[in-house]
There are 2 protein chains.
Amino acid sequence: MLSPSYRLFYEQPVHAVRAQGCWIEDADGRRYLDAYNNVPVAGHCHPRIGAAMAAQGGVINTHTRYLTEHPVLLAERLLATLPETIGKVVLTNSGSEANDLAIRISRMVTGRRGVIVTDCAYHGTSDLLQGMSPVTGLPLGPDVYAIAMPLEPAGPEQFAALVEDAIARMEADGVLPAALLVDTIFGSDGAIADPTGFLAGGVDAIRAAGGLFIADEVQPGFGRTGTGMWGFARHGVVPDMVTTGKPMGNGQPVAALLLRDELASEFARHQRYFNTFGGSSVSCAAALATLDVIEDEGLIDNAARIGRHLMAGLAPVIAASPLLTGLRGAGLFIGVQTASGEIAAAIVNALRRDGVLIGAAGRGNAALKIRPPLVIAMAEADRLVAAFAKAVGDVENSNL
Amino acid sequence: MLSPSYRLFYEQPVHAVRAQGCWIEDADGRRYLDAYNNVPVAGHCHPRIGAAMAAQGGVINTHTRYLTEHPVLLAERLLATLPETIGKVVLTNSGSEANDLAIRISRMVTGRRGVIVTDCAYHGTSDLLQGMSPVTGLPLGPDVYAIAMPLEPAGPEQFAALVEDAIARMEADGVLPAALLVDTIFGSDGAIADPTGFLAGGVDAIRAAGGLFIADEVQPGFGRTGTGMWGFARHGVVPDMVTTGKPMGNGQPVAALLLRDELASEFARHQRYFNTFGGSSVSCAAALATLDVIEDEGLIDNAARIGRHLMAGLAPVIAASPLLTGLRGAGLFIGVQTASGEIAAAIVNALRRDGVLIGAAGRGNAALKIRPPLVIAMAEADRLVAAFAKAVGDVENSNL
């Protein structure tokens, strides 16, 4: 059987048997509005992506030791969405593999070890990344330093000061900074989107100290924030390396590290990198079809439009409830601050009973995380807001 | 474009555009007999596996935070092939992710750090595993010790002595042994299959010192050695943990860690583990269909039968050539020792020119690696042997 290290969502787990668009159906035929899953960015079981995978799977599905067109086409498509200083791609199977490689490269190229992350960060499952994912409750790894992420940053100066403080702490330990690694929507910190531009202070600070800036776009990337493909652009910064994963193949395990040419060259002078499945033909076909759907169905605009509508709908609920203390977000990544993890869990479970799926994150799991597939329609957003208001009312009236 | 850290096979890379069964076709319509790829274990583009993935992709493709049937079915199918002491499963996307987690668990459960690997081992791409993959030329990681793997082990006593020596070296450094991690066909060491049972000495030695035995079955597993599903069984040993990956989904990124119940319980007392794509429905469907094909098409028996035929056909070529010094293997994992890496490369490239794909591995890349999909037919094996004899003759007649 599955290992006991697995954990299901919700007091009453959802036994999911079918899914389409923004809807998941359980074994009893009950339908749930999915306002949580950021992997099926184009909607669950998108037929065009499935067809692209099936077609490719009948022709060839091989690796990057042979010349094949798919990884090259995918690399070009991804790079066309990025600042021109970022010119090289490595394909992997998961955001974890991409982040793990980004850290290795940052340490090799700088000849330094220090890495700065936020104090509720999550960057992946590997041994290396568990030590850079304090939200898991595990201790920080060697040479990893965390900054206390404010839920409402004052601006670039404050974020710069936080990064400078981490650099000072590591240098006091005799460690030099290799990289600042942040999720540019600060998803597991509770969705800290504003003020736009605050991140730039930290990016300047790490570079002034000789380190690199790695943008973990596994959560904000692929259009979720509604202002282009990547979350970092909202802050007016250009990363040295960018990682992506979850939404990239709409469910297919495919991910990427995108990096500056000089970093790729310097790494390649010392090490090679081969990933058996990374860049395999079917995974690339899934990613290419996902990019097509995002473009052809206008999903970035939809994320912006529905995200604004959701924020406008949620704002009065939050203003009226003593249980809720803040509303943050960009596009279809929305965080609602509650007074405690217990309150957040109660709202999450009340919504689940009412057929709407969301989650919780941040310090003490006190922030609600609303992150539907980017295809969500206006009527579905209205359903979400109505259910949210009802769930908050129910929890207010309970004895919690 | 793709990072310069990528490396293509062969002096003249193969531009692969189509593949079926044991054949890869290039952009000019030339067909190559694939005697190298261990990922498409059921043959390239197996229609039944493609159909299973496409069907599942149209219904639901989600993760293990919801109750879904596929990961549970897959766990049960895998566990039914393993000794009963191994009762728990964690699903990942790659053998690297599975090995990385196995090492983490071994260190957490034992409270120790020391890991023993062979001196041409390859265990994966993560930061942690690069330090356990000396075949890459990278330095060993902290607390990692390598044993000098003999190409023709004398027996269990000799292998025990090698492991005991590594334990003594680490203990002299104040490090206690957590695990012995070996690929049970020693693929990147050059395919060291015999004498069966030699591995047992090392397994006894690591356990006597309080460490665990992790069988890396990414290469030998899923029937390749022709004597059951797993390579460790040839040595009469029962691992504490087993990892698999490459062949598991016939090309789909899916992998697994299978472990003793007590280890899974102890790990789960301290840490949770979630892998976004690991255990997703389509990946599980691919793995279940691959298991079906292995069973229904009798691929393990085919590996044994064709493997014996290949070994019998290659033996006289090897006996007759001054360039070749050994023939090793089990089932369809065959290693041919050559006198040098240059000779091995010359034979690999001569075969590629003649339309047959193999590779090289081992110390100095001097061992030829022959590892066709398990569906290879007798006539294809005969084609391989004839081409091999011709390539060896060509290299003998060259000025190398």
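Where is Pro195(B) found? Select Pro195(B) and you land in the loop between strand S7 (177-183) and helix H6 (198-208) of chain B. Helices here are DSSP runs of H or I with at least four residues, strands are runs of E with at least two, and both are numbered from the N terminus. Pro195(A) sits in the loop between strand S7 (177-183) and helix H6 (198-208) of chain A.

**Before you go on**

This is a predicted model, in which local features need pLDDT of at least 70 and side-chain atom pairs count only at pLDDT 80 or more, while totals for chains, interfaces and linings use all residues. Residues are numbered from 1 along each chain as its sequence is written, chains are lettered from A and ligands numbered from 1 in the order in which they are written, and side-chain values use heavy atoms, with hydrogens and water left out.

**Stop one: where the chains meet**

Color the two chains separately and look at where they touch. On chain A, 81 residues are in contact (heavy atoms within 4.5 Å) with 81 residues of chain B. Between them the chains bury about 7,000 Å², 58% of it on carbon and sulfur atoms; buried area is the accessible area (1.4 Å probe) that two parts lose on being put together, summed over both. Select Met1(A), Tyr66(A) and Phe277(A): in chain A these lose the most area to chain B, together 11% of what that side buries.

What joins the two sides? There are 39 residue pairs in polar contact across this interface, both residues at pLDDT 80 or more. A polar contact is a pair of N or O atoms within 3.5 Å; within protein, one must be able to donate a hydrogen and the other to accept it, and residues adjacent in sequence count only if both atoms are side-chain atoms. Salt bridges between chain A and chain B number zero. For those, the rule asks for a side-chain nitrogen of Lys or Arg within 4 Å of a carboxyl oxygen of Asp or Glu.

Ala75(A) is in helix H2 of chain A, and with a relative accessible area of 0% it is buried. (Buried means under 20% relative accessible area, exposed over 50%, partly exposed in between, with a 1.4 Å probe and protein chains only.) Leaving out residues up to four places away in sequence, Ala75(A) touches Val89(A), Met1(B) and Leu2(B).

Next, select Asn37(B), in the loop between strand S3 (31-34) and helix H1 (47-57) of chain B. Asn37(B) is buried as well, at 3% relative accessibility. Its side chain makes a polar contact of 2.9 Å with that of Asp34(B). Beyond its neighbours within four places in sequence, Asn37(B) is in contact with residues including His63(A), Tyr66(A) and Arg371(B).

**Stop three: charged pairs**

Side chains of opposite charge can pair when their charged atoms come close. Over all chains, the structure holds 33 salt bridges. Zoom in on Asp292(A) and Arg77(A), whose side chains meet at 3.0 Å, N to O. Asp292(A) lies in helix H8 (residues 281-296) and Arg77(A) in helix H2 of chain A, so this pair ties together parts that are 215 residues apart in sequence.

Over in chain B, Arg260(B) and Asp240(B) meet in a salt bridge of 2.7 Å, N to O. Arg260(B) is in strand S10 (residues 255-260), while Asp240(B) is in the loop between strand S8 (212-216) and strand S9 (241-244). Both of these residues are buried. Arg260(B) also forms a salt bridge with Glu262(B), at 2.6 Å, N to O; Glu262(B) is partly exposed at 44% relative accessibility.

**Last stop: two backbone angles**

Tyr10(A) is not a glycine, although its phi is positive, about 75 degrees. You'll find Tyr10(A) in the segment before S1 of chain A, buried with a relative accessible area of 13%. Asn365(A) has a positive phi too, near 50 degrees. Asn365(A) sits in the loop between strand S14 (359-361) and strand S15 (367-370) of chain A, and is partly exposed at 43%.
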